[in-house]
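Please keep the structure in view while reading.

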Amino acid sequence: MYSSSSRWARIVALCLVASVVGACGLPRSGPGKKEIFSGSVMEDGDAFVVSVNDRVTRATSVTPVLGFTSEFLNAGQVGSDTIRPGDTLRLTIWENVDDGLLSDQGEAATALEEVQVDGSGFIFVPYAGRIKAAGNTPERLRQIITDKLDAQTPDPQVLVSRVAGDGATVSVVGGVAAQGVYPIERPTRSLSAMVAQAGGITIPAEIAQINVVRGGHKSKVWFEDLYADPRLDIALRGGDRILVEEDTRAFSVLGATGTQNRVRFETQTLSAIEAIAQVGGLSSALADPTGVFIFRNEPEAIARAVLGRNDLTGDQRFVYVLDLTEPTGMFEARDFAIRDDDTLYVTEAPFVQWQKTLSAITGTLNPLANYSTLAN
């Protein structure tokens, strides 16, 4: 039979355990379901807590739409031989007389090397004057110069050629095999052909985006859409800058999952069930499948559609609730779209906190029991 002092020691120990557990919160990965629901607008909180269903899934199913503006789509292809400001030309002129306007005595032809097309698109040819070269092909410019000189010297013959290495070019940088500056030639007049000329992309096609900067305009498309929709394979212009880069969207994951991290999107669209799978799934030892939450700020239009209200102004805080134990829970999670900057949080199962409480009690009793033994 235990002595009176032993019984009192155990009573004191239990009191100490109760006070320790009650005063000090047990370790956990985040708030519980009850605490999240207490933050609802219905509980004087500042967030709308909404259970996910078919209507909510449709109202929130918004994915980024990328595409070129009309300035890009309506630009026709430019011939690879079109002369542009900054080009350097070589002119050779033959005159059908012994003492020509341009040729030296005894010379049959006159060569004008490296004739620069100025910023306004003009060149100067002696006895022909200032001639508009930009926008013309070498053949058309040859005809213009011939007509100008024909009135000054009989039957002139003119040859116009662009100096090698000049002409319209574009720059291709980012996630391609061979970054550089490439000329617009007959085989590479379109965006897809130029990307291929640069060696193709070196990043996953599912998250590759192609940005095109032209003057003061910038547009981008998904790499996969470039081949799915021929209209997006736009014609290039000299000076275009092409940047191939990865999608920068990401979501945060916390709680009872396989990781605690900020995770990049691996596909153009991402569902809640795919996001959970992407981070290793729910922790079988910790997670509560009835407590899967998505935190986000919803734009005014979507917030009104979700709640069926017209009195909301500005962005609204939302907490969407998924219950994977419901008969349709997995389907709802499969159809609910994750968006950029979402936070996916999974609560711990109730028994986890109970286990932690028992561990805390057991850990506290052990030293006290030893003390009681020593006292006896």
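Val 125 is found in strand E4, which covers residues 122-125; helices (H or I, at least four residues) and strands (E, at least two) are DSSP runs, numbered from the N terminus. The model is predicted, so that local features need pLDDT of at least 70 and side-chain atom pairs count only at pLDDT 80 or more, while totals for chains, interfaces and linings use all residues. Residues are numbered from 1 along each chain as its sequence is written, and side-chain values use heavy atoms, with hydrogens and water left out.

Val 125 counts as buried because its relative accessibility is 0%; buried means under 20% relative accessible area, exposed over 50%, and partly exposed in between, with a 1.4 Å probe and protein chains only. Leaving aside residues up to four places away in sequence, Val 125 touches Leu 91, Ile 93, Leu 112, Ile 131 and Ile 145, where a contact means heavy atoms within 4.5 Å. The C-alpha atoms of Val 125 and Lys 148 are separated by 9.5 Å, and the two residues are 23 residues apart along the chain.

The chain as a whole may now be considered. It contains eleven helices and 16 strands, and 40% of its 376 residues count as buried. Among contacts in the chain with a separation of 6 or more, 65% are accounted for by residues 24 or more positions apart.

The aromatic rings form a further topic. A pair of aromatic rings is described by the distance of the centres and the angle of the planes. One of the pairs is tilted: Phe 48 and Phe 318 lie 5.3 Å centre to centre, with 35° between the planes. This pair links distant parts of the chain, as Phe 48 belongs to strand E1 (residues 48-51) and Phe 318 to strand E15 (residues 316-322), 270 residues apart. Both Phe 48 and Phe 318 are buried.

Phe 223 and Tyr 227 form an edge-to-face pair, 5.3 Å centre to centre and with 65° between the planes. Both residues lie in helix H7 (residues 223-228), four residues apart, about one turn of the helix. Phe 223 counts as buried because its relative accessibility is 14%.

Conventions: Rings of Phe, Tyr and Trp (its six-membered ring) pair if their centres lie within 6.5 Å; planes under 30 degrees apart count as stacked, over 60 as edge-to-face and the rest as tilted.
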